[in-house]
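Thanks for coming, everyone. Please look at the screen, and I'll walk through a few regions one at a time.

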Amino acid sequence: MLRVRVASLSRYLLHGQLSTRGCLGSRAQTLSGVIRNSTQCQLTSWSSQSRAVHTETASSPLDASPPPVTPLRKQLKDEAKKQKILGKKKKKNANNQVVDGWELTVGIEIHAQLNTARKLFSPATTSFNDDPNKHVAYFDIATPGSQPIFQKETLIPALRAALALNCSIENVSRFDRKHYFHWDQPSGYQITQYYEPFARDGRITLLPRDGIAAEDGDGVSVGIKQIQMEQDTAKTLAQPGDVNWIDFNRVGVPLIEIITLPDIHHPATAAALVRKVQVMLNAADACVSGMETGGLRADVNVSVRRSHDPSARLGQRTEIKNLSSFKAVEDAIIAERDRQISVLESGGVIESETRGWSIGSTETRRLRGKEGEVDYRYMPDPDLAPVIIGSDLVDSLRQGMGQLPDAEVDELIQQFGLTPKDALSLVALDGGKRIEYFWNVVNSLAERFGADSGSPQYLPGFQLAANWILHELGRLVSDRSEHAGQDLGFTEDGECHRVPVRHLADILLYLYERKITAKIAKELLWAVFRRKIPDEYPTIQAAANQENLWFDELSKDEYAKLALAAVEGQDEVVKQFVDYKKYPQGKLMFLVGRMIRLGPEESIDPKEAERIMKAVLEEKLVPAIKAQS
């Protein structure tokens with residue numbers, strides 16, 4: 001066999017050009033179509049004066065801009081419509097977590113991009129939003145003669161992640177080569193830590209509030225076999241006409257792979273685990289981003305066996321690759337479980353294979369036969385020395401970990417009386433930035449409440465802050481808003497560019513003190529969001545003064561007179577409050593609505609109007625009706 005020249009290899013790796021001579025000649029015609037329809041990547045040539053192996057390079061812009069990104073919500077809706085037309089709409093199942101007579105077993109491999117400035121084995125910058133192929137070093141594309149140089153700073157976020165997941169840190173770990181060929185892996189192998197990972201034996205506890213299946217009761221503990229560092233692959237951008245573009249910015253970006261034990265037996269619990277891991281990695285400042293932006297991906301291993309014999313061996317597992325949402329994790333497991341059960345019940349055999357999943361699909365699809373360890377030909381990487389991790393570094397990182405999500409959720413529930421759902425949402429949203437914003441608003445309100453801000457009388461004010469930060473801020477950029485999809489601009493230090501802490505705290509203070517109505521408060525929030533405050537009015541107080549927005553509430557006597565006016569001509573409605581079996585709340589709110597329409601709306605508090613109307617009915621009108629009967 002003739003030796004392939006470096007120039008030929010370079011033309012193949014960089015430009016997809018295959019030599020027609022030598023041992024490849026017989027395959028040239030067969031492969032030409034594949035090469036013609038495969039990866040197209042444009043990289044600028046490096047300066048001839050550069051001699052450094054690890055030199056970051058920039059590429060010229062691609063000739064055609066990539067197609068616009070379709071939002072995930074629209075993808076799901078379009079796919080659901082397509083499936084409905086094809087008659088493949090998913091069957092609704094009140095309890096799709098179990099199948100009688102069968103036991104499901106799931107293990108998960110989670111790949112998370114680390115929060116680092118450099119790639120794992122080259123000094124090229126990690127990039128997620130820049131133009132394609134702007135941050136590529138020689139080693140990233142396997143240029144002959146280039147060598148991997150472990151960037152030690154990438155180890156820090158990996159260690160934080162391992163500590164957050166209760167893993168033990170290994171003093172010595174080593175890198176291995178995992179051999180396989182694909183266009184997104186230029187070297188023909190991935191550097192990982194198969195044999196000696198840097199962390200082992202972790203554990204994560206899932207509680208009902210995390211969204212586990214009801215069948216798991218009060219909670220489930222999932223073991224983590226190991227966490228290993230490894231390289232990410234290049235990003236493939238599919239184009240029309242069976243053409244793929246390759247962005248090498250992502251190749252070599254440091255990942256951690258979190259491998260769980262097969263301790264999960266319900267699809268909802270699997271999705272809950274991935275969701276909780278994402279929240280924990282964000283809280284530990286270990287992960288760049290979440291599933292919604294591609295910073296975290298999950299592979300699930302699924303098997304089934306008969307439930308009448310728990311001592312029997314686990315069934316043959318299949319792997320579903322690259323699941324990119326929590327819903328996809330649950331739906332793909334359900335589909336694959338049902339497929340395996342159907343195969344076994346019909347007398348078939350489950351094959352060891354890798355399967356795929358598409359958004360909105362109802363079944364998994366075969367990708368390829370499962371490659372085993374022998375096929376990957378794992379071997380120690382001869383170019384990389386062992387990684388030695390000192391106990392002093394681990395101790396220092398452990399002491400600086402701060403509060404993890406479970407403890408913070410407990411604090412929100414106990415201190416502010418939030419529901420578990422609201423507390424979890426606050427902690428999880430915006431990669432942990434929204435909860436920092438919440439604490440800043442709470443601190444600002446506490447300063448305004450004064451020295452006794454910790455007394456129970458101010459608790460509704462803090463609960464109001466949680467409700468607004470969760471819901472009212474979300475409405476500013478919801479699908480129904482003209483500003484749908486815009487970024488609120490939360491920052492790492494708990495500020496918000498579109499709704500600064502000081503402005504929201506002022507609005508909430510005036511609302512809590514009933515100096516403004518909820519309607520006016522929401523109008524002021526929109527004014528802040530649209531920058532009318534501070535562009536036209538320097539402060540919330542100035543806006544309320546100039547526009548006469550202060551709440552001049554009716555007196556109790558005025559409320560009572562308005563209530564009596566509202567019930568005039570509504571005798572049949574009033575009679576429903578006499579000898580009722582269930583209190584007619586709907587009729588009460590109907591009468592309150594009449595009160596608000598009859599009176600000066602800007603001077604009426606709906607809650608106070610409801611209280612007065614209820615009192616007028618119970619103390620005056622109902623006794624009068626009973627006296628006449």
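**Sheets first, then helices**

Let's begin with the nine-stranded sheet. It is open, with mixed pairing, and its strands run in the order β3-β7-β8-β11-β2-β12-β13-β14-β15. Which strands sit at the edges? They are β3, residues 168-169, and β15, residues 365-369. Each of these two pairs on one side only. Keep in mind that this is a predicted model.

Now zoom in on one pair in that order. Strand β13 covers residues 318-323, and strand β14 covers 353-356. The two run parallel, joined by two bridges. For a landmark, find Glu319: its bridge partner in β14 is Thr354.

On to another sheet. This one is open too, with three strands in the order β6-β5-β16. Parallel or antiparallel? The pairing is antiparallel. The edge strands are β6, at 189-192, and β16, at 379-380. Each of them pairs on one side only. Strand β5, residues 176-179, meets β16 over two bridges, in the antiparallel sense. Here the landmark is Asp176, which stands opposite Pro380 in β16.

Next, a single side chain to find: Gln340. It lies in helix α6, residues 326-345. Is Gln340 buried or exposed? Buried counts as under 20% relative accessible area. Gln340 has 0% relative accessibility, so it counts as buried. What does it touch, leaving aside neighbours within four places in sequence? The contacts are Val302, Ser303, Val304, Gln316, Thr318 and Ile350. One of those, Thr318, belongs to strand β13, residues 318-323. That takes us back to the nine-stranded sheet, where β13 is listed.

Last stop, helix α9. It has 12 residues, 405-416.

Which residues of α9 are buried? They are Pro405, Glu408, Val409, Leu412 and Phe416. These cover an arc of only 100° around the axis, which puts them on the same side of α9. Note that Glu408 is among the buried ones.

And what do those buried residues pack against? Four helices: α5 (267-283), α10 (420-428), α11 (433-449) and α12 (459-476).

α9 is followed by Gly417. The phi of Gly417 is positive, near 70°.

That's the tour. Over to you for questions.

Notes:
Residues numbered from 1 in each chain as written. Predicted model: local features only at pLDDT ≥ 70, side-chain atom pairs only at ≥ 80, totals over all residues. Heavy atoms only, no water. Expected span 1.5 Å × (residues − 1). Buried < 20%, exposed > 50% of the residue type's maximum accessible area, 1.4 Å probe, protein only. Arc of directions from axis to C-beta. Contact = heavy atoms within 4.5 Å. Pairing = 2+ DSSP bridges.
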